[in-house]
Every structure is written in C-alpha cells, then in structure tokens.
Amino acid sequence: MKNFSLYRITVIVIMFLKFVLQLYIFNKTHNNWDSTSHQKWEQLLKKQAIEYREKALKLEGLMIKVGQFLSTRADIMPEVFLKELADLIDQVPPVPAEVSKKILEDEWGQPISNRLSQISDKPIASASIGEVYKGTLKNGQEVAIKIKRNHIDKIIRTDFKALRIVLWITRTCTKFGKEVDTKALFKEVVSIIGDELNYYKELKNAQNFQKRFSHSQDYYIPQFFEEFCTKKVLVMEWIEGRKVTELSFLKKHQIDHKDTARRLFQFFIDQLLDYGMFHADPHQGNILITKEGQIVILDFGMVGDISRDDAKRIRKMIQGFVLDDYQLVISQLEDLGFLLPKANKQKLQTLLKTYVDMYLEEDITQLDQHKVEEIFNDLQEIVREQPIQLPAEFAFLGRAASIGIGVLTIIDPKIDFIELGKPVVAKWLEDTDDDRGNIKMQVLKESVKPLLSLPRNLNSYLEAPHEQRKSEERRQWRQFDHQRYILLIISSVCGFFFSSLLLFVSLIFSFPLLQSFMALVTLVFLIATVFSFIIHKRWVKKLDNKF
C-alpha cells in the first residue's frame with residue numbers, strides 16, 4: 001500500500017490536519033499554564049511524535065527525511081520529540097538485500113563478483129534515500145557502497161504532491177503560512193531533495209568539499225571511486241569511525257570532547273558564514289570521528305549555496321550585533337529579504353535591542369540547550385508579531401545551522417558559543433569592508449550614538465506604556481477573530497477530505513446509495529470550505545486596509 005500514491009497522500013495530509021487541530025484545541029482549552037497543563041502538553045507531543053515515527057517508518061520516503069530533521073533539533077525541539085524520532089537517523093527499515101544487490105548489478109551491467117571480492121550480506125546502514133554495504137575491491141581496498149533504495153524516486157515524487165497540499169493548507173489557513181513564501185520554499189525543497197536522488201550530483205558535491213578542505217588536518221572527506229559510481233550507486237573508501245556524538249567512544253580513546261566541539265564549530269562557521277556550498281544535512285549520522293580524533297564528513301546529497309553578497313550581509317548583520325548597531329542589523333535583514341514592505345524598522349530595532357540587552361544582563365556565558373530554546377522561542381514570537389518572512393533560499397541554511405547547534409550541544413552540553421565565536425569576530429575586526437570602512441573605526445563612531453538618540457529614546461519611553469496596552473488589546477481581539485476563522489476553515493477542510501475519501505471508497509466498491517449520499521455531503525463541505533476561505537480573505541483584506 002505504501003507505494004500507492006493516493007494512499008500515501010491521504011495518510012500524510014490527514015495526519016497533518018489532525019496534528020494542527022489537536023494543537024489548536026489544546027491551546028484554546030488551556031489558557032492558564034501550570035504543571036498539569038505542561039504535563040498534558042508533553043503527553044500530547046509524545047503521542048504525536050510516536051504516531052509520526054510509526055507512520056514514517058511505515059511509509060518511508062520524505063517523511064523519514066523530515067523526521068530526521070526534527071530529531072536533530074536539540075536546540076528548540078522538546079526532548080520528548082528527540083527521543084521518539086531518534087530511531088529515524090540510521091534505523092530505517094532496510095530493503096531486502098537481494099533487491100539492492102540486483103540494482104547494483106543492473107547499474108554496473110555485470111555480476112558483482114567481477115568488481116568486488118566481497119560484499120556484506122546486509123546493509124551496514126539504512127537511510128531514507130539509500131543503503132550502505134561494506135565491500136572489498138579486487139585490489140583489496142575496503143569500500144562503502146551506497147545503493148539507492150528501490151522505488152524511492154516514485155515515492156519521493158508522491159510525497160512532493162502531499163507536501164504541496166500541506167503547504168497550501170498552511171499558506172491558506174495559518175498565520176505562519178502567510179509570513180513564509182511557501183511556494184518558493186516548496187521549489188527549494190524539490191530542488192535540493194531532487195538533487196539528493198541523483199548520486200552523480202552527490203559525487204560532484206563531495207569532490208567540491210574535498211578541494212575546499214584538502215589542506216585541513218581536522219576534517220576528512222572520503223575518496224570516491226568515480227569509475228564505479230552511477231546515478232544509483234556510489235563507491236567510496238571505507239572509514240572506521242563512530243558517530244561524533246558517541247561520548248563513550250570519545251572517552252574510550254581519550255578524545256577531548258570540548259576540542260572536538262570546537263573543531264566542529266569551526267567547520268560549521270567556515271561554511272555557514274562564508275560564500276559557497278554548505279552541507280545542509282549535518283546530523284550526527286553524517287559526522288563520524290576516528291579513534292585518532294579526526295572528523296569525517298559524509299553524505300553530500302543535500303547541500304545549499306550562499307552567494308558572496310549574502311555572505312557579506314550575514315557578516316554585517318553579526319557585526320551590527322557586536323557593535324550595538326541595530327540599524328545596521330535591520331538594513332541587512334532587509335537586504336537579505338527577511339523584512340516585508342510594511343515592517344516597522346524602528347520598532348524592530350527596539351525589540352532586538354531589548355532582547356539582546358536582556359540576555360546580556362543575565363550574564364550569559366554558555367548557551368546551553370534550554371537557553372537556546374528560550375532564545376528561539378523569543379525569536380519565533382517576534383516573527384509572529386512582526387512582518388518578517390523567511391526567504392526560501394535561507395530555509396536550508398537555517399536548517400543546517402539548527403542541526404549543527406543540536407549536534408554541538410550533544411558533544412559538549414556546556415559549550416560556550418560566545419567564547420568560540422570571539423576569534424571569528426576578531427578576524428572580522430581586522431578586515432576592511434567595501435562600503436563601510438574598517439570596523440574598528442566604527443567602534444569610535446558608535447560611541448557617540450547614545451547621546452544623539454537620547455531625546456528620541458526619552459520620548460519613546462514616556463509614550464510606550466499607553467501605546468503598548470492599546471496595541472496588546474487590539475492584538476488579542478485580532479488573534480481571537482483569526483483563530484475563530486481558522487477553526488471554521490480546518491473543520492470544513494477536514495470534513496471535505498473525509499467525505500471525499502468515503503466517496504472514493506463507495507466508487508471503488510460500487511455502492512450507489514452511499515455514492516449519492518457522500519457526493520452530496522462532499523459538495524456541502526466543499527461549499528463550506530470555499531465560503532470559509534472567502535470570508536476569511538475579506539477579513540484579512542479589511543485588516544490590511546485598516547493598518
């Protein structure tokens with residue numbers, strides 16, 4: 001059944017609608033958060049995580065890829081989610097060995113024994129796109145053989161259709177969907193995951209990283225045997241190592257976990273804050289460490305790219321935080337495409353400064369998992385309340401960064417990101433920017449800004465309480481109206497999908513009476529859905545004109 005397109009799409013979409021409705025109802029029925037509410041919330045999340053994991057292992061495909069992403073979000077995801085989805089990293093159900101070996105022979109166009117003297121009876125690792133076998137070439141070289149899963153192309157294409165429906169519902173029925181360019185995000189997902197299905201692309205990506213880190217002693221990219229690689233098969237040298245997050249392995253071989261975290265942090269920084277290609281899927285299953293302490297990077301199917309201009313803007317934005325220049329921060333966010341045209345830049349500057357000052361006043365020296373989670377929650381609150389969007393081209397950059405933070409906090413729970421970042425910022429302080437001059441000179445300029453902005457800040461301080469109360473009251477009424485419309489839309493959409501499913505069943509089994517009844521019910525729910533969308537759209541338009 002899992003290869004049946006309609007079945008896959010129906011299961012995925014209904015599960016998504018179910019999760020959204022459960023979360024919505026819970027938040028509406030639990031206005032006051034106490035220990036009991038928190039416990040019930042944890043139970044609900046655990047139930048959803050278990051259901052998602054079971055569905056993902058059953059259906060495989062894109063659901064496993066998304067689950068793997070969620071399981072690595074140690075920075076912001078609840079611990080209950082991490083525990084339940086951890087099995088999706090490298091415990092995906094394997095394809096029967098004879099099926100994968102038949103694919104290998106078809107791709108090579110000859111018996112396996114012509115090229116290999118030995119191959120493992122079962123896969124060493126099984127992932128969402130491919131499986132890895134251990135083998136030995138005729139010359140005695142031990143290799144890892146990555147073989148694409150059977151029918152995975154068809155499964156992923158079907159899941160893309162389900163994802164399109166999910167994103168359409170998100171865009172139409174939720175505030176989050178209106179803040180994010182879901183159409184562009186969908187194209188980005190299709191492009192990146194589509195490249196991951198083509199092993200030739202992964203080979204070229206790996207060769208790019210090999211050149212980039214060829215002079216490094218800290219990182220190693222396995223060598224590929226290009227003559228044995230095809231669109232469905234990759235052959236690379238075998239590396240003995242364990243997951244970088246296996247602390248017992250680090251301790252056994254006397255590898256300093258803090259130094260390992262530092263070196264891995266530098267690997268992420270070199271990619272994510274510089275132009276060029278970056279690894280977009282750096283979870284712990286793709287990062288090994290040898291007993292000598294060398295970090296091995298695997299799986300280059302999912303990569304992203306940062307332009308030179310965007311890399312400069314990201315650095316400038318970070319420099320703005322360092323120099324307490326929030327006007328520079330906002331201008332770079334605008335240039336990067338994060339701000340919508342109606343954004344109140346002055347208000348955003350004030351919000352960012354308030355949050356940063358608040359964290360600094362707490363004398364933060366370590367960004368542990370709980371503190372990172374708190375920061376991300378605050379950032380999400382700003383995004384919900386302000387006209388901010390996530391450009392599609394940065395979706396996978398943010399994904400890679402969040403996965404990286406999750407991995408680092410596992411290796412070193414007390415990791416000090418501020419201390420690790422000082423050498424990076426110090427190097428920037430020595431650089432000369434093209435259009436703003438040397439950063440050290442800016443420090444002197446910044447020192448006089450508080451005096452110049454004193455009258456404006458004093459006036460803002462006096463007016464803030466009254467305006468804040470009025471704004472909060474308006475916001476709460478708008479949120480109430482919005483939630484009421486969303487509940488109506490979700491109910492209509494759920495009714496339409498369920499009645500459509502029953503209508504489909506009645507057509508298959510030829511029940512004339514049931515067909516007529518379900519056709520009428522489906523039509524009623526369709527009309528209700530369209531009507532709900534229309535009145536909600538008018539409400540949104542009226543709200544936009546008002547503001």
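User: What does Glu-334 count as, going by its relative accessibility?

Analyst: The model is predicted, so local features need pLDDT of at least 70 and side-chain atom pairs count only at pLDDT 80 or more, while totals for chains, interfaces and linings use all residues. Residues are numbered from 1 along each chain as its sequence is written, and side-chain values use heavy atoms, with hydrogens and water left out. With a 1.4 Å probe and protein chains only, under 20% relative accessible area is buried, over 50% is exposed, and anything in between is partly exposed. Glu-334 has 35% relative accessibility, so the class is partly exposed.

User: Which residue meets Glu-334 in a salt bridge, and which parts does the pair tie together?

Analyst: A salt bridge here needs a side-chain nitrogen of Lys or Arg within 4 Å of a carboxyl oxygen of Asp or Glu. The partner is Lys-345, with an N to O distance of 2.9 Å. Lys-345 lies in helix H14 (residues 345–361) and Glu-334 in helix H13 (residues 326–335), so parts 11 residues apart in sequence are tied together: H14 and H13.

User: How many salt bridges does that rule give?

Analyst: Some of them form a network, which links Asp-218, Asp-259, Arg-262 and Arg-263. The count under the rule is 19.

User: Where do Glu-51 and Lys-55 sit relative to each other in helix H2?

Analyst: Helices (H or I, at least four residues) and strands (E, at least two) are DSSP runs numbered from the N terminus. The two side chains form a salt bridge, with the closest N and O atoms 3.7 Å apart. Glu-51 is buried at 15% relative accessible area, whereas Lys-55 is partly exposed at 26%. Because they are 4 residues apart in H2 (residues 35–59), their separation is about one helical turn.

User: Are Glu-60 and Arg-149 buried or exposed?

Analyst: Their side chains form a salt bridge at 2.9 Å, N to O. Glu-60 lies in the loop between H2 and helix H3 (62–71), and Arg-149 in the loop between strand S4 (142–148) and helix H6 (152–173), so the bridge connects parts that are 89 residues apart in sequence. As for accessibility, both Glu-60 and Arg-149 are buried.

User: What is the volume of the second largest pocket?

Analyst: On a 1 Å grid over the protein atoms alone, a pocket is an open set of points where a 1.4 Å probe fits, with protein on both sides within 12 Å along at least five of seven lines; lining residues have an atom within 4 Å of a point. Grid points are joined across faces, edges and corners, and a volume is the space filled by probe spheres set on the points. For the second largest pocket this gives about 830 Å³.

User: Which residues of its lining lie nearest the centre of the second largest pocket?

Analyst: Elements that each supply at least two lining residues include H3, strand S3 (130–137) and S4. Of the 36 lining residues, those nearest the centre are Ala-125, Val-132, Gly-285, Leu-288 and Leu-298.

User: Which residue is the bridge partner of Gly-130 in S4?

Analyst: Two strands pair if DSSP finds at least two bridges between them. S3 and S4 pair antiparallel over 7 bridges, and in their hairpin, with 4 residues between the strands, Gly-140 takes a positive phi near 90°. S4 itself is mostly covered, with 6 of its 7 residues buried. The partner of Gly-130 is Lys-148.

User: Which residue in S6 stands opposite Val-143?

Analyst: S4 is also joined to strand S6 (233–237), by 5 bridges in the antiparallel sense. The residue opposite Val-143 is Glu-237.

User: Which strands stand at the edges of the open sheet of 4 strands?

Analyst: The order is S5-S10-S9-S7, with mixed pairing. Each edge strand has a single partner, so one side is left without a neighbour in the sheet; the two are S5 (219–220) and S7.

User: How far apart are the end C-alpha atoms of helix H1?

Analyst: The expected span of a helix is 1.5 Å times one less than its number of residues. H1 (residues 5–29) has 25 residues, so it should span 36 Å. The distance in the model agrees: 36 Å.
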